[in-house]
Every structure is written in C-alpha cells, then in structure tokens.
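Here are my notes on the structure, as numbered points. Please read them with the model open.

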Amino acid sequence: MTVQPIRLFGDPVLRTPAESVVDFDAELRKLVADLTDTMREQNGAGLAAPQLGVGLRVFAFDVDDVLGHLVNPVLEFPDEEEQDGPEGCLSIPGLYFDTKRRLNVVAKGFNSYGDPMQIVGTGLMARCVQHETDHLDGVLFLDRLDPAGRKEAMKAIRQADWYDRAAPPVVKVSPHGAGNPFGLGR
C-alpha cells in the first residue's frame with residue numbers, strides 16, 4: 001500500500017476509456033489499496049484508477065464514513081431527480097464548479113475478489129459514484145458543464161499554479177450527448 005502521484009488535467013490517461021478488469025488477483029487488491037491510501041492522503045471522496053495512470057475500471061470512495069471500492073461499475077438511475085452543486089476533482093486540484101448530476105444512483109459491480117456488490121447512493125454518494133465512473137469512461141466533470149461553465153473552468157485552470165502551459169489540456173463535450181447527459185442506457 002502506497003500513496004501514488006495523481007495525474008493532473010491534461011494527462012492523456014484521463015481522457016482514455018479504461019479497460020474492464022478480468023483478473024481479480026493480488027495485483028488488483030494492491031491497486032485498490034493504493035487508490036484508497038492516495039485518496040485518503042488527499043482528503044478526497046473518490047479516486048479512479050486512471051487518476052493513478054492505470055487504465056482499469058476500478059475506483060475507491062470514502063463518503064459519509066463509508067469506505068469502499070467498486071470494480072467494473074455499471075450505473076442505473078431509479079428516477080429523474082437531479083442535484084446541482086459544487087464538484088471538484090483531485091486531478092483538477094483546488095477548483096470547484098457547480099455540476100448537475102443525478103440525485104440517486106444504483107451502481108453494480110464487483111469487489112476486488114470478484115464478488116458481486118451494489119452501492120445504492122443518494123446526494124454526495126451518488127455524485128461521487130457518477131464522477132468516478134465518468135473517469136473510467138475518459139470523461140471529466142468539466143465535460144458536464146454548460147459552455148459558459150466550461151469557459152470559466154478553463155480560465156481558472158490556466159491560472160492555477162499546477163497548470164502546464166507546455167501541454168495545454170483538451171476539454172471535450174461529454175460523449176453521452178446533450179440529450180443524454182447522464183449516460184442513461186449504458
């Protein structure tokens with residue numbers, strides 16, 4: 001178990017869809033431990049494997065005193081209710097922007113031993129699960145902002161002390177489309 005460096009906005013791994021986990025082995029359990037240690041060290045609510053440079057569909061979370069992880073998540077939305085509030089990302093440190101998400105989510109997947117599991121979340125847990133699953137699809141929360149919000153976010157990023165002007169980041173529109181902003185039907 002080791003705290004790992006977190007990849008920052010602009011790193012191509014954050015824009016690359018992750019591969020499904022097929023081996024539920026000691027290496028996966030070490031990755032989950034590294035995700036958990038790194039997330040907790042940074043006081044994050046969640047951390048996805050691509051943020052550590054690993055292209056696998058796994059994330060860790062620590063929300064409302066519930067610590068865990070999910071491998072190969074698939075999201076379902078039991079209703080149409082939304083929430084709008086500040087969202088940040090350990091790969092975009094120190095910046096928060098109001099982001100619309102679904103209020104309720106059911107996430108199905110596996111633990112690091114391959115046992116089926118399910119997370120039923122509302123509020124912050126739902127936001128975290130959606131945010132981390134987006135990471136696994138190569139989507140950042142900035143992609144969910146309206147055009148004015150993205151413009152404001154990019155301005156703030158360019159002014160951030162961690163921003164690398166030599167490698168300007170690319171912001172893209174969510175691949176889930178404007179008519180389907182929450183990736184329904186996946």
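1. UniProt, in an unreviewed entry, places the feature "binding site" at Cys89, His131 and His135. Although these positions are spread over 47 residues of sequence, they cluster in space, with a largest C-alpha distance of 10.1 Å. Please keep in mind that the model is a predicted one.

2. On the overall fold, the protein has three helices and seven strands. Read from the N terminus, the order of elements is α-β-β-β-β-β-β-β-α-α. The chain has 186 residues, and 51% of them count as buried.

3. The whole structure contains eleven salt bridges. One of them joins Glu87 and Arg101, with the closest N and O atoms 2.8 Å apart. Glu87 lies in strand β4 and Arg101 in strand β5 (residues 92-102), so this pair ties together parts that are 14 residues apart in sequence. Both ends are buried: Glu87 has a relative accessible area of 3%, and Arg101 has 1%. The pair also belongs to one network, in which salt bridges that share partners join Glu87, Arg101, Arg127, Asp134 and Arg144.

4. A second salt bridge to check is that between Asp137 and Arg57, at 2.9 Å from N to O. Asp137 sits in the loop between α2 and α3 (147-159), and Arg57 in the loop between β1 (46-48) and β2, so the contact links parts 80 residues apart in sequence. Asp137 is buried at 16% relative accessible area, and Arg57 is buried at 12%.

5. Buried or partly exposed: which applies to Arg40? Arg40 is partly exposed, with a relative accessible area of 45%. Its salt-bridge partner is Asp62, and the closest N and O atoms are 3.3 Å apart. Arg40 belongs to helix α1 (residues 26-41) and Asp62 to strand β2 (residues 58-63), so the pair connects parts that are 22 residues apart in sequence. Asp62 is likewise partly exposed, with a relative accessible area of 24%.

6. The surface carries a patch of negative charge, where Glu82, Asp84, Asp98 and Glu152 gather. Glu82 lies in strand β4, residues 82-89. At 42% relative accessibility, Glu82 counts as partly exposed.

Notes: Residues numbered from 1 in each chain as written. Predicted model: local features only at pLDDT ≥ 70, side-chain atom pairs only at ≥ 80, totals over all residues. Heavy atoms only, no water. Patch = residues over 30% accessible without salt bridge, like charges linked within 9 Å, V, L, I, M, F, W, Y side chains within 5 Å. Areas by Shrake-Rupley, 256 points an atom, 1.4 Å probe, with all protein chains shown as cover. Salt bridge = Lys/Arg side-chain N within 4 Å of Asp/Glu carboxyl O. Lys, Arg positive; Asp, Glu negative; His and termini not counted. Charge placed at Lys NZ, Arg CZ, Asp CG, Glu CD. Helix = DSSP H or I, 4+ residues; strand = E, 2+ residues; numbered from the N terminus. Buried < 20%, exposed > 50% of the residue type's maximum accessible area, 1.4 Å probe, protein only. UniProt positions renumbered as here; feature names shortened; annotations may be inferred.
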